[in-house]
Amino acid sequence: MKKKLLLLSIGFLCSFFILHSQQKFTISGTVREAVSNETLIGVTIAIQDLRTGTTTNEYGFYSITLPQGEYNLIISYLGFQDINQSVSLNSDLKLDFNLQEATEQLDEVVVTEDVERMDVRKPQMSVNTLAVQTIKKIPVVLGEADVIKSLLLLPGVTSAGEASSGFNVRGGAADQNLILLDEAIIFNSSHLFGFFSVFNPDAIKDVKLFKGGIPSRYGGRVSSVLEIFQKEGNSKELKVNGGIGAVASRLLVEGPISKDRTAFLAGGRASYAHLFLPLFDIDNRAYFYDLNTKISHRINDRNSIFLSGYFGRDLFSIDDSFVNIYGNAVGNFRWNHLFSDKLFSNLSLIYSDYFYGLELDFVGFEWDSGIQNFNLKYDLKHYLNDKLQINYGLNNVYYVFNPGEIKPNSEDSGIVADQLTKKYANEAAAYIDIEQKVTKNLSVNYGLRVSQFNRLGQDELFVYENDQAVIFDPFQLVYREATPIDTINPGRSTNLSTFFNFEPRVSAAYTLNDNNSIKASYTRLAQYLHLLSNTSSPTPLDVWAPSGPFIEPQLLDQYALGYFKNFEGGAYTLELEGFYKDIQNRIDYIDGADLIANDAIEQVILNGEARAYGLELLLRKNEGRFQGWLAYTLSRSEQRTPGREPVIDNGRSNQETGINFGEWYPTPFDKTHDIALFGNYELNKKWSFNANFIYQTGQPTNFPVGQFEFEELVVPFFGLRNQTRLPDYHRLDISATLTPKKNRNRSFQSEWVFSVYNVYNRMNAASINFRQNQDTGRNEAVRTAIFGVVPAITYNFKF
């Protein structure tokens, strides 16, 4: 008996030793689209024998390390044909794959883009991805496919209303979103004051929105990260596609410079509705144009370089006496280098510029302002094995802020040239992110970002008594602008303020089974830039300001917990998340604050706090002729600015009341209920139909609660902040796409898109103003609406 036990023990130890000493090798490579050679993001490489796998990164690269043996690899990306590849793993292998687009028959099951589905096993949560094909299906105003407007159909994402710039995520402000186009920062994401976004959908490859559980490689904003990558260009053959719409048209050309090695992409958009205004004796103009460019070059199997750019401008004028020009310009040089089959790197040199110009001819001056940044990034991805991946890197951004320069536009204008004090800053960061599969059921993602922000010297800086740029009047219980007691000239070589923050991140997923999981995350973020705006939606005139002696950086702590489920093999998916956000040092403005051309902005702002919490639900149908989703958000977004510590003045304590008496009040982007429905029905190869419905609680605002007369003037009286709301917002949009039968078996493809925005002509209130009726003498409320029902036709083509 003892001999048998001894033999069994020896056998077990030998098996254990053989198993754990078994040699391991790495399979790595790049996955591309066969027709264009475009790299594909998020392709799944599965090894079913081991119930493991990986996905391609932002540049189509993958790497996985496995024990020596025979395996069957399944490469899948829905919308493309699967590849089954048998491999004998006796050494490191480099395997590149080219996926062919699937040609589906009408009676087959139609599936949605795989990138839009949430993987229940991965710890990543609070993330939404939209395929470009889906964005182009969503009905929008005037028929122009729009990235930003499409995001508003997702849970936790809202806007200030129709024709409003930016978007709000989980109760955050628009300036709390980090918007990246090929890694370059976009400071204004809209054309024509919010009617359209700056992103040409024809030039876009991937759109991903992080609302929480944000990886450590991102920083600088406290609400969300919107990451958008442009296409790399077709390196096999010349391709052209575009569209002609009711108010704008677009054209994109891509093709090889050197086949299979070097490709280019150039795309442009322009609006032309202003060309028809002279027919109606209207001298006003409003138009936009933008240009997307990219060159990609594969040097060899280990090195690739990319040069991309974006340039956009908007112009709005009234009789040439008022001219407003604004827009973004960005450029990015990237170098991908593969140190080994396990270590991937990317070096980026980025320039970003946002310009705002204003010319008032009837006054006689020009006004220019803007923000520039120069960004250096170096990111590395280390694929240690199939259970452990480490991402780490460095980032440095140098900022130049121009709050405004005024110049006379003629010799006799009488305007004296003036330059508001320029500001300078530098933001540096280092990060590490670890993705680890701890057990069969538990996966975690944890990391740390360390950031440092230096507010650099400037030509002039005001000095205030007790370092308080805002003073409190204890008799009238109001805040007032302090008077500077001195002006110093620190010079560019000095350092005015330094902020240093540790930003830990952690998220985890526990799989109950193949179709159910529970996820949780904690995110800490610091934001050093602030958009100075006292409107509910950003405008081009708003100015960015850095943290410094009087403005503290915003600090976020966000907690999220969610349940995720696949139904019927992934035909349906459910995502249910709860979140809580706490933000320190949220900027608030004193009553009557004047932000335009203010060279002492610190005199009208105070540091407060904000919080938001809510529940999000996303139910998707991913297969069949009918696809779509239901998104619902129940949330609350509030802020407050309590009184500062009392200052002893001549033996008297000035106890401050704070803004709104220090009480919490709804932010301008608080929407209690937000419901969005989207559906797509493929009737046949010729016709498809799309519809979306949106309902939102009315936006918080301020209405007069009374009035009094002073020297024969009627003065309205307002109560506490944001205690009233606009009427609830809702609308229905529909569209139909006609694909002619003659498209078959020919290179020239086309389609007609017929859309109706706001089908039942709901006049949603953009604002409500109060005035005195000239006939009755009584006060009345006047509702201002932007859009009623808007039909549109768009013609799209490609060859």
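The whole structure, a predicted model, holds 34 salt bridges. One of them joins lysine 205 to glutamate 232. Arg611, Arg636, Glu638, Asp670 and Arg725 are linked in a salt-bridge network.

**Salt bridges**

- Lysine 205 and glutamate 232 pair with their closest N and O atoms 3.3 Å apart.
- This pair connects distant parts of the chain, 27 residues apart. Lysine 205 sits in strand 16 (residues 204-210), while glutamate 232 sits in the loop between strand 17 (224-230) and strand 18 (239-244).
- Both lysine 205 and glutamate 232 are buried.
- Glutamate 503 and arginine 505 meet through their side chains at 3.0 Å, N to O.
- Glutamate 503 counts as buried because its relative accessibility is 1%, under the 20% cut-off. Arginine 505 has 4% relative accessibility, so it is buried too.
- Aspartate 386 bridges to lysine 387, with 3.7 Å between the closest N and O atoms.
- Lysine 387 is partly exposed, because its relative accessibility is 44%.

- Asparagine 37 has 9% relative accessibility, so it counts as buried.
- The loop between strand 49 (713-718) and strand 50 (724-725) contains asparagine 722.
- Asparagine 722 is buried, because its relative accessible area is 10%.

Note on methods. Residues are numbered from 1 along each chain as its sequence is written. This is a predicted model: local features need pLDDT of at least 70, side-chain atom pairs count only at pLDDT 80 or more; totals for chains, interfaces and linings use all residues. Side-chain values use heavy atoms; hydrogens and water are left out. Buried means under 20% relative accessible area, exposed over 50%, partly exposed in between (1.4 Å probe, protein chains only). Helices (H or I, at least four residues) and strands (E, at least two) are DSSP runs, numbered from the N terminus. A salt bridge is a side-chain nitrogen of Lys or Arg within 4 Å of a carboxyl oxygen of Asp or Glu.
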